[in-house]
Amino acid sequence: MIKQKLKDYFKELFKSRKLNVVLLSLFELFCIGAFIYLVCTGSYRNSIAALLLLLVPIAILLVEWLFNLRIPVFFLLVFMIIPIGGLLGSSFEFYSNYPWFDDFLHILSGLIFACFGFTFIEYFIGKIDTKKKFIGCLIGGFMFSLAAGLIWEMIEYAGLSLLKIVLNYIIHIYLMIRC
């Protein structure tokens, strides 16, 4: 598929996908507001995380443009909740105030990784036209999600036990996957 010119991509984005633009803009405004609040309260480490999260919508738009994708609003919303949740959890004490919050983020992350895995398997299998292919994609998505979770926990454990640091915060800043 021929890559769209960047100008045409943004024209199409603002003309026909206004809800995506609103969601991305709200995400940016949240990050700017969180950054200002965290700087004013002296939480400089967390303010850097809020500043780095400003790159998430840019990355989403870049991936859409480079691979000629159109991310549906629902997945865009779910994908943006995870980094916002990580910031709320680590910077605004949601993890200690709401015990269910970390589990909620883990469930969303698992859902996203399962969708990535499903799509990845579908890419190699081709069009899903039989139940067998659909079941194969479902199992592949589930296994992909489990593998991503396992790798995450191994990295987190290694950082905690070997390096004596809590990697949740550090990795969440760089990968913006989950906390």
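# A tour of salt bridges, core and rings

By the rule used here, this structure holds four salt bridges (a salt bridge is a side-chain nitrogen of Lys or Arg within 4 Å of a carboxyl oxygen of Asp or Glu). You are looking at a predicted model, where local features need pLDDT of at least 70, side-chain atom pairs count only at pLDDT 80 or more, and totals for chains, interfaces and linings use all residues. Residues are numbered from 1 along each chain as its sequence is written, and side-chain values use heavy atoms, with hydrogens and water left out.

**Stop 1: Arg17 and its partners**

Select Arg17 and Glu12. They form a salt bridge whose closest N and O atoms are 3.4 Å apart. Arg17 is buried at 12% relative accessibility, while Glu12 is partly exposed at 23%. These words have cut-offs: buried means under 20% relative accessible area, exposed over 50%, and partly exposed in between, using a 1.4 Å probe and protein chains only.

Helices here are DSSP runs (H or I, at least four residues), numbered from the N terminus. Both Glu64 and Arg17 are buried.

**Stop 2: Lys133 and Asp129**

Move on to Lys133, which forms a salt bridge with Asp129, the closest N and O atoms being 3.5 Å apart. Lys133 is partly exposed at 26% relative accessibility, whereas Asp129 is exposed at 54%.

**Stop 3: the nonpolar core**

Next, select Leu24, Phe27, Leu53, Ile60, Leu76, Met80 and Leu87. Of the 24 residues in the largest nonpolar core, these touch the most other members. A nonpolar core is a set of buried Ala, Val, Leu, Ile, Met, Phe, Trp, Tyr and Cys residues joined through side-chain atoms within 4.5 Å. Which helix gives the most to this core? Helix 2 does, with seven residues.

Zoom in on Leu24. Leaving out residues up to four places away in sequence, Leu24 touches Pro57, Ile60, Leu61, Leu76 and Met80 (contact means heavy atoms within 4.5 Å).

**Stop 4: Asn46**

Select Asn46 in helix 3, which covers residues 44-53. Is Asn46 buried or exposed? Asn46 is buried, with a relative accessible area of 10%. Its side chain makes a polar contact with the side chain of Ser91 at 3.5 Å. A polar contact is a pair of N or O atoms within 3.5 Å; within protein, one must be able to donate a hydrogen and the other to accept it, and residues adjacent in sequence count only if both atoms are side-chain atoms.

**Stop 5: the aromatic rings**

The whole structure has 16 aromatic pairs. Rings of Phe, Tyr and Trp (its six-membered ring) pair if their centres lie within 6.5 Å; planes under 30 degrees apart count as stacked, over 60 as edge-to-face and the rest as tilted.

Select Phe113 and Phe116. Their ring centres are 6.5 Å apart and their planes at 70°, so the pair is edge-to-face. Both lie in helix 7, three residues apart, about one turn of the helix. Phe113 is buried at 15% relative accessibility, but Phe116 is partly exposed at 45%.

Finish with Phe94, Tyr95, Tyr98, Trp100, Phe101 and Phe104, which ring pairs link into a cluster.

Notes. Helices (H or I, at least four residues) and strands (E, at least two) are DSSP runs, numbered from the N terminus.
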